[in-house]
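Here's a quick briefing to read with the model open. Have a look at the picture first, then run through the points below.

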Amino acid sequence: MPHVEPAHLMELAPGNDVSSDDPGALRHIATCNRCREELSQITRIVVTARDVEESDLPATPPEQVWQRITQQLSAASAEPRRIRRSTNRHGRTIRYALSLLVGIALIWWWSRTGP
């Protein structure tokens, strides 16, 4: 049996009723370390989320924080962007390989046609 889909593990984690197709998934989870670990992690998240209270939630940042973020974003977007030439290593490798291939083709062609 293939691994249990994450969406199906999400359904199993909160302890919902097992439907008719779940016994196969449960048997797989019992023998598959990967699926068993994923189910365990999801279950811990669900249990923790159930115990969250309003006091656990992050506080809203003060208005001055949002103002500063807005100022910095505005300043960053006002700066002209520099267009840099790509120094991509992958691009150099491809150009080198193509040059090498052309060189080999020329040598082969020259050896077949003669000087």
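Predicted model: local features only at pLDDT ≥ 70, side-chain atom pairs only at ≥ 80, totals over all residues.

Residues are numbered from 1 along each chain as its sequence is written, and side-chain values use heavy atoms, with hydrogens and water left out.

**The core**
- The largest nonpolar core has 11 residues: Val4, Leu9, Leu12, Ala13, Ala25, Ile29, Cys32, Cys35, Leu39, Ile42 and Val46.
- Here a core means buried Ala, Val, Leu, Ile, Met, Phe, Trp, Tyr and Cys residues joined through side-chain atoms within 4.5 Å.
- Helices H1 (6–12), H2 (22–31) and H3 (33–50) each give two or more residues to this core, and H3 gives the most, with four.
- Helices are DSSP runs (H or I, at least four residues), numbered from the N terminus.

**Two sides of H2**
- Asp22, Ala25, His28 and Ile29 are the buried residues to look for in H2 (buried is under 20% relative accessible area, exposed over 50%, partly exposed in between; 1.4 Å probe, protein chains only).
- They sit on the same side of H2 because they cover an arc of only 120° around the axis, taken from the directions from the helix axis to the C-beta atoms.
- Those buried residues pack against H1 and H3 (contact is heavy atoms within 4.5 Å).
- Turned away from that buried side is a face with exposed Arg27, Ala30 and Thr31.

**Trp110**
- Trp110 belongs to helix H5 (residues 89–113).
- Its relative accessibility is 53%, so Trp110 counts as exposed.
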